[in-house]
Amino acid sequence: MYNYLKKIMRLIETSEGDADGMLVVNKEGIVEYIHPGKSGMPVFVEDAVGQRVLDLYPELNMENSTVMETLRTGKTVVGEKQVFTRKNYKVTLMATTYPIIENGSIEGAIDVAKFIDVKRTGKGERIDNSLYSLDDIISVEKNIDKMKRTIENVASNDSAVLIFGETGTGKQLVAESIHSLSQRKGKPFISQNCAAIPGNLMESIFFGTEKGSFTGAENKKGLFEMADGGTLFLDEVNSMDPNMQAKLLKALEEQKVRPLGARRDVSFDVRILCATNRDPESMVSSGDLRSDLYYRISVVRIDVPPLRERPEDIMRLTEHFIDHFNEKMDRDIKGVNLMVRRVFENWSWPGNVRELKNTVESAFNLEKSEYITMSSIKDLLRRVSQEEGTEARLRERNVPPGLPSELSSQKALEAALEKGVSMENILDQTERCIIEAAVASEGKLSQAAKKLGMSPQKLNYRLSKLNMREK
């Protein structure tokens, strides 16, 4: 059971950024668990738990269902097109299904879905949130505004784009926005996390197979054929071995592939978008990314800054996610309280925008009042508490912990509050004291920021907010 759960969590972690949904089924083909994707829980799977896959989707059967094939054979099925109709929606998706094997027995399967098209039956109406657009990039920060202008400029061309950013910054969002603005927007957008493909299946998934090419092989299109006329987005492209990188480069240069076992090449017309969460130049230097492939896929490069370098966006994004989950969960949360705001503004958000979104969603599940309070962000507070204690960090940075008198003791704090000194004023005063001490000890803002464990951009933001810039 431990390995069972461990595999599920690993797949959720690696696929969350580009998956539109995940189903976990038992060995009888009954849905045990649903993990919503980036667009939330689709209406056509909301009541799926406890039902058989083949009962949910009548168009699927033992032969064409990837879930049933994996349960029957114990093999991973990657990038298989599935079409079904349910609850007035016609859904076309790419399914990758992994077996769950315990002690040599097939105990279930995990189905990861990526939507190609979702329409209301009889109306030809496409669901707006099937792909992200430029309007979904929420920001008030000038560097993100520049990035959005770059997306607008490159979208109309067919040049290859390399998107670089830490995990959770929104690389998938950037890629889908490029496609949504391009002339290819009516064609397929195929997304594939290269790190999720087993090495021995990489070539067949990319280039396709012809029946009889190896035992059990069927006629299947590869990623390039499936994306023909549209866009192919490859995340973690550096996870391919050098030999596969060379084959990918050849396919891109020639705009054709030869499926395994085939005698003729198949031409395609695809725009390539790639992403990585590691610095591309360092990967080229280390040999993890071929230099010739790097130059081919990085005609245009877009860097997505981490959330810690765009502090102005923390509360703007928080408001956006609160609005989103209010609508989704039928709640009326009005915002966050003062202490939560301070935690949000001063946390480094190593998981970036994804971590912030998950934190807000978690709070919605726990909060009972009109505002998100400290009691509903316990997971975040636990992560914060794992950092070094405040006094230990100040000692290490040579910053004297001389806090204002209002915080010198619990009694002093209570007395200050009794006199009408607001909690916000006390916190502002404390923050000023710490920043002044850091700047005094270092002399330069860049070094002070380093000592305080924040970026120069974030320190500048705090100085402006506290009216300390001139001083």
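Two or more lining residues come from each of strand 1 (21-26), strand 2 (31-36), helix 3 (66-73), strand 3 (77-86), strand 4 (89-102) and strand 5 (105-120). Helices (H or I, at least four residues) and strands (E, at least two) are DSSP runs, numbered from the N terminus.

This is a predicted model, in which local features need pLDDT of at least 70 and side-chain atom pairs count only at pLDDT 80 or more, while totals for chains, interfaces and linings use all residues. Residues are numbered from 1 along each chain as its sequence is written, and side-chain values use heavy atoms, with hydrogens and water left out.

Back to the cavity. On a 1 Å grid over the protein atoms alone, a cavity is a set of points where a 1.4 Å probe fits but cannot get out, and lining residues have an atom within 4 Å of a point. Grid points are joined across faces, edges and corners, and a volume is the space filled by probe spheres set on the points. By this rule there are two cavities of 30 Å³ or more, and the largest cavity has a volume of about 240 Å³. Its lining has 17 nonpolar, five polar and two charged residues. Here Ala, Val, Leu, Ile, Met, Phe, Trp, Tyr, Cys and Pro count as nonpolar, Asp, Glu, Lys and Arg as charged, and the others, Gly among them, as polar.

Next, the protein overall. It has 19 helices and 15 strands. Of its 471 residues, 47% are buried, meaning under 20% relative accessible area, with exposed over 50% and partly exposed in between (1.4 Å probe, protein chains only). Of the contacts (heavy atoms within 4.5 Å) with a separation of 6 or more, 64% are between residues 24 or more positions apart.

Now two single residues. Is serine 191 buried or exposed? Serine 191, in strand 8 (residues 189-193), is buried, at a relative accessible area of 10%. Its side chain makes a polar contact of 3.3 Å with the side chain of glutamine 172; such a contact is a pair of N or O atoms within 3.5 Å, where within protein one must be able to donate a hydrogen and the other to accept it, and residues adjacent in sequence count only if both atoms are side-chain atoms.

Lysine 247 sits in helix 8 (residues 242-254) and is partly exposed, at 28% relative accessible area. Leaving aside neighbours within four places in sequence, lysine 247 is in contact with Glu203 and Phe207.

Technical notes:
1 Å grid on protein atoms, 1.4 Å probe; cavity = no way out; pocket = protein on both sides within 12 Å on 5 of 7 lines; lining within 4 Å.
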